[in-house]
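Here's a quick briefing to read alongside the model.

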Amino acid sequence: MKPFANALLAWFDDHGRHDLPWQHPRDAYRVWLSETMLQQTQVATVVGYFERFVEALPTLRELAAAPEDQVLALWSGLGYYRRARFLHRAAQLCVERHDGQLPRDFDALVALPGIGRSTGGAILAQAHGLRFPILDGNVKRVLTRYHGIHGHPGESAVEKSLWQRADAHTPTMRVADYTQAIMDLGATVCTRTKPRCGTCPLADSCIALRDGLVTLLPSPKPAKTTPTRETVMLVLRDARGRVLLERRGPQGVWPGLWSLPEAADVDAAWRSARQCARIDDAQALPPFTHMFSHYKLRIEPLLFDGATPTRSIADNAAPTPESRWCDTSELVALGLPAPVRKLLQNLEGHLA
């Protein structure tokens, strides 16, 4: 076995993470779910969501058969909701085309929605012990520092070089453990800030450590100004404490989730509110900002308390596909964007 892999596996045996919930059992469905959740999200956050998700939908077939609202509700708070929609659609395609299983063929696997080269490799390596490299954010950081590679890892030439290194280091034996080991090293030792180089099993051969470049690598992404967008969220609440929600379309942010109606400004909010209910007054709630990957959204909530629903959407037993009045017990089971859920929690004082 290669020296890089040898050193990493020896470290993993003593210091790696062996008790993550998706490791017991480490089947393809659980690995796939964990890898999807771990995109853009840290392990400490994912564990609780993973356990809740597999308790509700323990198999791929059950995920495929679940209503989208249930999937999005289980995902609510993790962000990047397209991951959940891709997960759901990929499960349905597996039932339609692959007898309810994730395919073991790499090309067929990465053809599924939301499964790229790294996620596909991680599934095959960890669930089946097949030799495929991975290149998630933690692995990029380890390899960039170890080999002293300059340039932002998102640039195509740099990424190509990193894939070559990742493939070269991947052993033919203990592939599942090696895959977990290199992710663990990046997450717990070769961290983005304050890396613990003194405990790293690769320190003796690390170019970044040798040349004093640890704090400079990986090279940062070229800075861009983060734009700010503004919206007014309408909190229409009737005498029964129900809140009006609208399902968002398939495009844009929070696709398919239930959210509060929005307007460009306060005047437009009043006009929209009058189309939905009879209203008398409004109260401006404290504004707040929600961060997306490419912009900031400044949200100004406007509370219309004691609204009287119009007849077209007044009956909660027969909501339209696009809008419905919901009480707090129903909100728990719906996929809501994190800032909307937090806003409603603050408004009601309780929401599971």
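Two strands count as paired if DSSP finds at least two bridges between them. Helices (H or I, at least four residues) and strands (E, at least two) are DSSP runs, numbered from the N terminus. What you're looking at is a predicted model, in which local features need pLDDT of at least 70 and side-chain atom pairs count only at pLDDT 80 or more, while totals for chains, interfaces and linings use all residues. Residues are numbered from 1 along each chain as its sequence is written, and side-chain values use heavy atoms, with hydrogens and water left out.

**The chain as a whole**

- The protein chain has 16 helices and nine strands.
- Its C-alpha trace spans about 75 × 45 × 35 Å along the principal axes.
- Of the 352 residues, 48% count as buried; buried means under 20% relative accessible area, exposed over 50%, and partly exposed in between (1.4 Å probe, protein chains only).
- Take the contacts (heavy atoms within 4.5 Å) between residues at least 6 apart in sequence: 65% of them join residues at least 24 apart.

- Strand β1 (residues 228–238) is largely enclosed by the rest of the structure, because eight of its 11 residues are buried.
- With strand β8 (residues 296–309), β1 pairs in the parallel sense over 11 bridges, and Asp238 sits opposite Ala307 of β8.
- β1 also runs antiparallel to strand β4 (residues 262–263), with two bridges joining them; here Met233 has Glu262 in β4 as its bridge partner.
- β7 and β8 make a hairpin with four residues between them.
- The β7–β8 pairing is antiparallel and has four bridges, and Met291 is partnered there with Lys296 in β8.

**The second largest pocket**

- A pocket here is found on a 1 Å grid over the protein atoms alone: it is an open set of points with protein on both sides within 12 Å along at least five of seven lines, whereas a cavity is a set where a 1.4 Å probe fits but cannot get out.
- The second largest pocket has a volume of about 490 Å³, where grid points are joined across faces, edges and corners and the volume is the space filled by probe spheres set on the points.
- Its lining has 21 residues, with Gly79, Tyr80, Met291, Phe292 and Ser293 lying nearest the centre; lining residues have an atom within 4 Å of a point.
- β7 (288–291) and α16 (338–348) are the elements that give two or more residues to that lining.
- Sorted by class, the lining comes to 11 nonpolar, nine polar and one charged residues. Ala, Val, Leu, Ile, Met, Phe, Trp, Tyr, Cys and Pro count as nonpolar, Asp, Glu, Lys and Arg as charged, and the others, Gly among them, as polar.

**Helix α9**

- Helix α9 (residues 137–147) is mostly covered, with nine of its 11 residues buried; among them are Lys140, Arg141, Arg145 and His147.
- The cover over those buried residues includes α1, α10, α11 and α12 (207–210).
- At the start of α9, a side-chain oxygen of Asp136 comes to within 3.2 Å of the backbone nitrogen of Asn138.
- Just after α9, Gly148 adopts a positive phi of about 65°.

- Asp13 is in helix α1 (residues 3–15) and counts as partly exposed at 40% relative accessibility.
- Its side chain makes a polar contact with the side chain of Arg174 at 2.7 Å. A polar contact is a pair of N or O atoms within 3.5 Å; within protein, one must be able to donate a hydrogen and the other to accept it, and residues adjacent in sequence count only if both atoms are side-chain atoms.
- Asp13 and Asp177 are 164 residues apart in sequence, yet 8.8 Å apart C-alpha to C-alpha.
- Thr170 is in the loop between α10 (156–169) and α11 (175–188), and counts as buried at 3% relative accessibility.
- A polar atom of the Thr170 side chain lies 2.7 Å from the backbone oxygen of Ala166.
- Leaving aside neighbours within four places in sequence, Thr170 has contacts including Lys2, Arg131 and Tyr178.

**Arg82**

- Arg82 belongs to helix α6 (residues 82–97) and, leaving aside neighbours within four places in sequence, is in contact with Pro250, Gln251, Gly252 and Pro255.
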